[in-house]
Amino acid sequence: MGLFRRSKAEIPSLQKAPEANRTRKVLIVDDDITIAELNETVFVGRNWAVKTAYNGLGALSTINLEKPDLVLLDLMLPDITGEKVLESLKAARLPTKVIVITGRYVTQKDFEPYQGIVIWVLRKPYPMSDLRELVDWFEAGAEMKPKLSQIGDV
C-alpha cells in the first residue's frame, strides 16, 4: 500500500467494464483434440477467453480456477463422466451455463437434475454453424430458441 489512497473509481483495474465489452470465459471440454480445436474456431474474433480441457479432471480444475461463463461439455470423457462435471458445477452453485455436446443418446429427462445449468444439448455430428448460432444466442442473452439442425432443447 502506498502513501496515497485512491478511490475505486480512480483505479482503472477495479472499474467494472460494461457488460457488452466484458471478456467472457469459455471452457471447451472434449477428449477429441480435433473437435476441441474446431469448437475453438467459433470464438475467434469474439470477446471470449478460451480454455480447453481434454478430460474431466482438467475441466474441474479449470472451472474452479477460471469460473467460466460457458462450458461446452462432452459427456464421454476418458477419466470421469460429463455428468460428474455437471454434479460439481451444481454443487459449486456457479452461474456457469453448459452446452452439452455428445454423440450419446440422451433425453430431456437426463438433464432435469441440471436445470438452470445445462441450457442446450448439441448432438454430434453437428455443423459448426449450429454452434455459432448457439454462441450468438448466448451472447445476446435472448429468450428465443435458436433454429438449429440437430439440436435438443433442455
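Because the model is predicted, local features need pLDDT of at least 70 and side-chain atom pairs count only at pLDDT 80 or more, whereas totals for chains, interfaces and linings use all residues. Residues are numbered from 1 along each chain as its sequence is written, and side-chain values use heavy atoms, with hydrogens and water left out.

We can start with the aromatic rings. Rings of Phe, Tyr and Trp (for Trp, its six-membered ring) are paired if their centres lie within 6.5 Å; planes under 30 degrees apart count as stacked, over 60 as edge-to-face and the rest as tilted. By this rule there are 3 aromatic pairs. In one of them, the ring centres of Phe43 and Trp48 are 5.2 Å apart and the planes meet at 65°, so this pair is edge-to-face. Trp48 also pairs with Phe138: here the centres are 5.9 Å apart and the planes stand at 40°, so the arrangement is tilted. This second pair links distant parts of the chain, as Trp48 belongs to strand β2 (residues 48-53) and Phe138 to helix α4 (residues 128-140), 90 residues apart. Helices (H or I, at least four residues) and strands (E, at least two) are DSSP runs, numbered from the N terminus. Together, Phe43, Trp48 and Phe138 form one aromatic cluster. Accessibility is described with three words: buried means under 20% relative accessible area, exposed over 50%, and partly exposed in between (1.4 Å probe, protein chains only). Phe43 has a relative accessible area of 3% and is therefore buried. Trp48, at 8%, counts as buried too, and so does Phe138.

Charged side chains give a second set of links. Side chains of opposite charge can pair when their charged atoms come close. With a salt bridge taken as a side-chain nitrogen of Lys or Arg within 4 Å of a carboxyl oxygen of Asp or Glu, a search of the whole structure finds 6. One of them joins Asp69 and Arg22, whose closest N and O atoms are 3.2 Å apart. Asp69 sits in the loop between α2 and β3 (70-74) and Arg22 in the segment before β1, so this bridge ties together parts that are 47 residues apart in sequence. Arg22 is partly exposed, at 29% relative accessibility. Another salt bridge brings Glu139 and Arg46 together, with 2.8 Å between the closest N and O atoms. It links Glu139 in helix α4 to Arg46 in the loop between α1 and β2, 93 residues apart. Both partners are partly exposed, Glu139 at 27% and Arg46 at 21%. Arg104 and Glu83 meet in a further salt bridge, at 2.2 Å from N to O. Arg104 lies in the loop between β4 (97-102) and β5 (118-123) and Glu83 in helix α3 (residues 82-92), 21 residues apart. Arg104 has a relative accessible area of 29%, and Glu83 one of 22%.

Asp30 deserves a paragraph of its own. This residue is placed in the loop between β1 (24-29) and α1 (33-41), and its relative accessibility of 2% makes it buried. Asp30, Asp74 and Lys124 are linked in a network of salt bridges. The side chains of Asp30 and Lys124 are joined by a polar contact of 3.1 Å, where a polar contact is a pair of N or O atoms within 3.5 Å; within protein, one must be able to donate a hydrogen and the other to accept it, and residues adjacent in sequence count only if both atoms are side-chain atoms. The Asp30 side chain also reaches the backbone nitrogen of Asp32 at 2.9 Å. Leaving aside neighbours within four places in sequence, Asp30 is in contact (heavy atoms within 4.5 Å) with residues including Ile35, Ala53, Tyr54 and Leu77.

Gly82, Val85, Leu86 and Leu89 are buried in α3. These residues cover an arc of only 100° around the axis, which puts them on the same side of α3; the arc is that of the directions from the helix axis to the C-beta atoms. On the other side of α3, Lys84 and Ala91 are exposed. The buried residues of α3 pack against α2, β3, β4 and β5. Just after the helix, Arg93 adopts a positive phi of about 55°.
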